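Hi,

Here is the structure I promised to send over.

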Amino acid sequence: MLELRLVQGSLLKKVLEAIRELVTDANFDCSATGFSLQAMDSSHVALVALLLRSEGFEHYRCDRNMSMGMNLQNMAKMLRCAGNDDIITIKADDGSDTVTFMFESPNQDKIADFEMKLMDIDSEHLGIPDSEYQAIVRMPSAEFLRICKDLSTIGDTVIISVTKEGVKFSTAGDIGTANIVCRQNKTVDKPEDATIIEMQEPVSLTFALRYMNSFTKASPLSDQVTISLSSELPVVVEYKIAEMGYIRFYLAPKIEEDEDMKS
Amino acid sequence: MLELRLVQGSLLKKVLEAIRELVTDANFDCSATGFSLQAMDSSHVALVALLLRSEGFEHYRCDRNMSMGMNLQNMAKMLRCAGNDDIITIKADDGSDTVTFMFESPNQDKIADFEMKLMDIDSEHLGIPDSEYQAIVRMPSAEFLRICKDLSTIGDTVIISVTKEGVKFSTAGDIGTANIVCRQNKTVDKPEDATIIEMQEPVSLTFALRYMNSFTKASPLSDQVTISLSSELPVVVEYKIAEMGYIRFYLAPKIEEDEDMKS
Amino acid sequence: MLELRLVQGSLLKKVLEAIRELVTDANFDCSATGFSLQAMDSSHVALVALLLRSEGFEHYRCDRNMSMGMNLQNMAKMLRCAGNDDIITIKADDGSDTVTFMFESPNQDKIADFEMKLMDIDSEHLGIPDSEYQAIVRMPSAEFLRICKDLSTIGDTVIISVTKEGVKFSTAGDIGTANIVCRQNKTVDKPEDATIIEMQEPVSLTFALRYMNSFTKASPLSDQVTISLSSELPVVVEYKIAEMGYIRFYLAPKIEEDEDMKS
């Protein structure tokens, strides 16, 4: 028996909007620790990892570990029927082939039950080792979203280059080139406006803008985004989910040699 | 000679937006009593009845009963050219094949005349008897709109079930099922937030969501909607138009036997 | 060497949005006087003339006259990447085949460089003589936009008729006719709400609404629009750009004889 009651139901709505474009079907894993998901995008290029810790739920009952396969489009359709102030409860009986999402309005006037069929999905859980990164950039998520969107009007890939002074996002396309530099800025009125760079050594990596734009769908979850970069590793784009966990996107850099071999 | 001056012209704009999706062409009937319309939707399944009583107009002159056939899309196009604060006057000469909509801005700076050709439309006026209903639900129109819209993402029909405790809206589709219960609630801060159930006996009826969604286009006209249900009768979905009249939609319930015969 | 620094960068964004629908490619001319453009629309019916005087720039360096051919869609794409509060600098080296748009955020945290390829465009500069007009109408630009948009739902052309009392906009189409009269009104609370008519003699001219609608894309640049009319001359639809210059659209009236010859 599974029963997870989340007072701030809008968080779950935002999580689904953040990943439904990237991932079609995925297993949600429930354990005593929390409610989590790890899935590749449909083209097997990017990886998304979600964690909502059990402590973040008002009520968290998970008698035994469960893996529930869901179609994320259908799940998002149902969650969109929850009001932004609704309390959401996820319920499933042991061995059942359905999951129920219950939405309660704040004044308890309106109670909705949406029951969705579960799916059998093959998946292997990748162990993601903790790594040291050459550079970690923390910046306003709205700024990162805007930059990825703007550069997409010019080119298909973004080069992210980090130095002590700041982080530079560059692209090039048929109509010209673009460079956007964000300077480190710790002395801001609101902490969520800060741009903070922790750098071991300068790094410059190239990524497909298409995926970066998908990742920024998670911006409503957090005022800040953290981008962790190393030459030998996939970039990690992380949005913290207040006091509950995170959503992390992993994407391998494009390798120059590959580009050369093509041409 | 007809001359009807409506200070709150936005009401007429909203009326047209409420019915233009459902009805293509219709006769507007003018008499000493008021300005009214009765029309079937284009698939002859739903009926809409509108009444704007003469007392609601600042000036109401209707020398003799007139029936004016209008294309509602064209009429809506013209009314959309009226500002939301404009005074609207409907004018027609006896025997004329046109009607004129005059829009005056509040400060009289801008005066517009839109003249539209009338049409000959065959129509018979149905007498709708006053009936006793097994259950009458009054609820916020925005809530009813939201529920119909949400359920449409899951299924094609809605079962509306009324008990003393509340009203339940249910649907089922390929991806799962949904039930939304609204409890009776008379103790609200604002009267327009109330959900009030008058029940003679429990009732449970099935309707096509497509029509219900069309009816909810009238929501801007009224904060509350009244749904009157009886097993033997079409449902009535009514939006009151402040101090002037109403717009009522009638829709026959789907009969279970029909469903069984199909399968 | 060219370097033009515009503190209110949003002005340049609005200028591009105003003309990019009408003009595909055009030469921007830079001289000591200012930054200007004159171009025919792609169907060679309307003419647009833009002037941004050098005094309106915080910094204006133009060592020698330059003519820079730009694709306005591409330029608009780049300018849309500037924030509304950004300072925009236009830079070009002598003889270079590129132009650079630099966007600085107000707090200097974010600096973007967008480099665009220039084009060779043949163009001849038309001398536009100063003329006397039979009637000049000054009115709120939002009102003029609304009227052109509203009339477009009814017909394809607008007849603009000016008398001492006011200006009348008329159209006719399949579904009917429309007349909108705006009365002269000098006694308004806010000067931008005034409608002022300077008339030497009454005038009535017919124009294609399609172009008028294009011209109204400049409405965000100015609260007021000035329409100058004479029977023998193209109409001038002018939007002043605060303390910097103007954008003017010229359009020849439709001649009745032409219409008759067609039929």
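**How the chains relate**

Turning chain C by 120 degrees, with 0.0 Å of shift along the rotation axis, superposes it on chain A, at an RMSD of 0.0 Å. Chain A goes onto chain B by a rotation of 120 degrees too, again with 0.0 Å of shift along the axis and an RMSD of 0.0 Å. That is the relation of a three-fold axis. Before you go further, please keep in mind that this is a predicted model.

**Aromatic rings**

Over all chains, there are 18 aromatic pairs. One of them is A:Tyr239 with A:Phe249, an edge-to-face pair with the ring centres 6.3 Å apart and 80 degrees between the planes. The two residues are 10 apart in the chain: A:Tyr239 belongs to strand E17 (residues 235-241) of chain A and A:Phe249 to strand E18 (residues 245-251) of chain A. Both A:Tyr239 and A:Phe249 are buried.

In chain B, have a look at B:Phe144 and B:Phe169, a tilted pair at 6.2 Å centre to centre and 50 degrees between the planes. This one ties helix H3 (residues 141-152) of chain B, where B:Phe144 sits, to strand E12 (residues 166-173) of chain B, which holds B:Phe169, and the partners are 25 residues apart. B:Phe144 counts as buried because its relative accessibility is 1%. B:Phe169 is buried as well, with a relative accessible area of 1%.

Back in chain A, ring pairs join A:Tyr239 and A:Phe249 with A:Phe215 in a cluster.

There are also arginines sitting over rings. A:Arg248 lies over the face of A:Tyr246, 3.5 Å from the ring centre. In chain C, C:Arg248 lies over the face of C:Tyr246, at 3.5 Å from the ring centre.

**Covered parts**

How many residues of helix H1 (residues 10-19) of chain A are buried? The count is 8 of its 10 residues, so the helix is mostly covered. Among the buried ones in H1(A) are A:Leu11, A:Leu12, A:Val15, A:Leu16 and A:Ile19, and A:Lys13 is on the list too. Helix H1 (residues 10-19) of chain C is likewise mostly covered, with 8 of its 10 residues buried. Its buried residues include C:Ser10, C:Lys13 and C:Ala18.

With a relative accessible area of 0%, B:Leu2 is buried. B:Leu2 and B:Ala92 are 90 residues apart in sequence, yet their C-alpha atoms are 5.1 Å apart in space.

**Salt bridges**

The count of salt bridges over all chains comes to 33. In chain B, B:Glu17 bridges to B:Arg20, with the closest N and O atoms 2.9 Å apart. Both ends are partly exposed: B:Glu17 has a relative accessible area of 28%, and B:Arg20 is at 25%. Another bridge in that chain joins B:Arg61 to B:Asp63, where the closest N and O atoms are 3.0 Å apart. B:Arg61 is partly exposed at 36% relative accessible area, and B:Asp63 is partly exposed at 45%.

In chain C, C:Arg20 forms a salt bridge with C:Glu17, the closest N and O atoms being 2.9 Å apart. C:Arg20 counts as partly exposed at 25%, as does C:Glu17 at 27%. Over in chain A, bridges with shared partners join A:Arg5, A:Glu58 and A:Glu104 into one network.

**On the surface**

A:Met40, A:Leu126 and A:Ile128 make a nonpolar surface patch of about 210 Å². A:Leu126 is in the loop between strand E9 (110-117) and strand E10 (135-140) of chain A. Its relative accessible area is 36%, so A:Leu126 is partly exposed.

Lastly, some loop residues with positive phi. B:Glu243 is not a glycine, but its phi is near 60 degrees. You'll find B:Glu243 in the loop between strand E17 (235-241) and strand E18 (245-251) of chain B. B:Glu243 is exposed, with 79% relative accessible area. C:His44, also a residue other than glycine, has a positive phi near 55 degrees. C:His44 lies in the loop between strand E3 (34-40) and strand E4 (46-53) of chain C, and is exposed at 60% relative accessible area.

Cheers

Terms used:
Residues are numbered from 1 along each chain as its sequence is written. Chains are lettered from A and ligands numbered from 1 in the order in which they are written. This is a predicted model: local features need pLDDT of at least 70, side-chain atom pairs count only at pLDDT 80 or more; totals for chains, interfaces and linings use all residues. Side-chain values use heavy atoms; hydrogens and water are left out. Rings of Phe, Tyr and Trp (its six-membered ring) pair if their centres lie within 6.5 Å; planes under 30 degrees apart count as stacked, over 60 as edge-to-face and the rest as tilted. Helices (H or I, at least four residues) and strands (E, at least two) are DSSP runs, numbered from the N terminus. Buried means under 20% relative accessible area, exposed over 50%, partly exposed in between (1.4 Å probe, protein chains only). A charge sits over a ring if NZ of Lys or CZ of Arg is within 6 Å of the ring centre and within 35 degrees of the ring normal. Patches are made of residues with over 30% relative accessible area and no salt bridge: like charges are joined within 9 Å, nonpolar side chains (Val, Leu, Ile, Met, Phe, Trp, Tyr) within 5 Å. Accessible areas come from the Shrake-Rupley method with a 1.4 Å probe; for residues, only the protein chains shown count as cover. A salt bridge is a side-chain nitrogen of Lys or Arg within 4 Å of a carboxyl oxygen of Asp or Glu. Copies are superposed by least squares on the C-alpha atoms of residues with pLDDT of at least 70 in both.
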